[in-house]
Structures are given as structure tokens and as C-alpha cells.
Amino acid sequence: MRTCIGCRSRALTSHLLRFVAVMVGDGFRLEPDPSRRLPGRGAHLHPDPACFAQAERRRAFGRALRLTGVADTGLLAEHIRAVMPPGTTDDEASEPRHDPAR
């Protein structure tokens with residue numbers, strides 16, 4: 001069991017996407033780790049654009065990974081859009097399929 005940094009609900013690790021921060025130049029880039037094998041401190045997020053948006057709004061990426069500064073979230077956002085179920089749009093996916101109140 002892990003906690004999604006977006007909606008803060010607990011879920012099985014198989015339902016969450018692990019990601020890590022990779023140092024790039026002067027900043028950090030968030031890199032998806034679907035195989036859960038990349039080195040470093042990782043955090044977990046539902047592969048859902050709504051959870052991703054909540055995590056960005058709450059500035060949860062830096063806290064979860066214990067980073068100072070702003071991380072580049074482009075690669076992670078791209079990966080989440082790529083793994084969305086076929087036929088789902090960002091509008092339909094903006095409402096989480098799980099209970100965010102938990």
C-alpha cells in the first residue's frame with residue numbers, strides 16, 4: 001500500500017505509478033518508473049490527469065521527493081496521458097475514479 005501524492009488516498013502499488021527525480025543541469029526532471037527499478041527516492045501517483053493536477057496544485061512533488069526548487073513535470077505528464085484508457089479525454093479523466101475524500 002502506498003499513498004497517491006495527488007488525491008492522498010491509499011492504494012495498492014500496482015494501481016499507482018512510481019516516479020523519481022533525475023538531476024538535469026541545474027534542476028530536476030520527474031521521470032516515470034513503471035518498472036519500479038530506478039534508483040533514488042520515489043513517490044507514487046495514480047496514472048490519472050486529475051491526480052496529477054491536484055499534485056501540481058498542492059506542490060506535492062517537491063515535498064514527496066524532498067526537493068528544493070521546481071521540478072520539470074513534462075515527461076511525467078506525457079506518460080500519464082499516454083497510459084490513459086483509449087477513448088478517454090482529459091475532460092472525462094479530470095474527475096478521479098476513486099474517492100479523493102479518503
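A salt bridge is counted where a side-chain nitrogen of Lys or Arg lies within 4 Å of a carboxyl oxygen of Asp or Glu. This is a predicted model, in which local features need pLDDT of at least 70 and side-chain atom pairs count only at pLDDT 80 or more, while totals for chains, interfaces and linings use all residues. Residues are numbered from 1 along each chain as its sequence is written, and side-chain values use heavy atoms, with hydrogens and water left out.

**Fold**
- The protein has 4 helices and 6 strands, taken as DSSP runs numbered from the N terminus (helices H or I, at least four residues; strands E, at least two).
- Read from the N terminus, the order of these elements is β-β-β-β-β-α-α-β-α-α.

**Burial and contacts**
- Of the 102 residues, 35% count as buried, meaning under 20% relative accessible area, whereas exposed means over 50% and partly exposed lies in between (1.4 Å probe, protein chains only).
- Among contacts (heavy atoms within 4.5 Å) with a separation of 6 or more, 60% come from residues 24 or more positions apart.

**Salt bridges**
- The structure holds 2 salt bridges.
- In one of them, the side chains of arginine 18 and aspartate 33 meet at 2.4 Å, N to O.
- This pair links distant parts of the chain, 15 residues apart, with arginine 18 in strand 3 (residues 17–24) and aspartate 33 in the loop between strand 4 (27–32) and strand 5 (42–45).
- Arginine 18 is buried at a relative accessible area of 11%, and aspartate 33 is buried at 2%.
- Arginine 29 forms a salt bridge with glutamate 31, with the closest N and O atoms 2.9 Å apart, and arginine 29 is partly exposed, at a relative accessible area of 28%.
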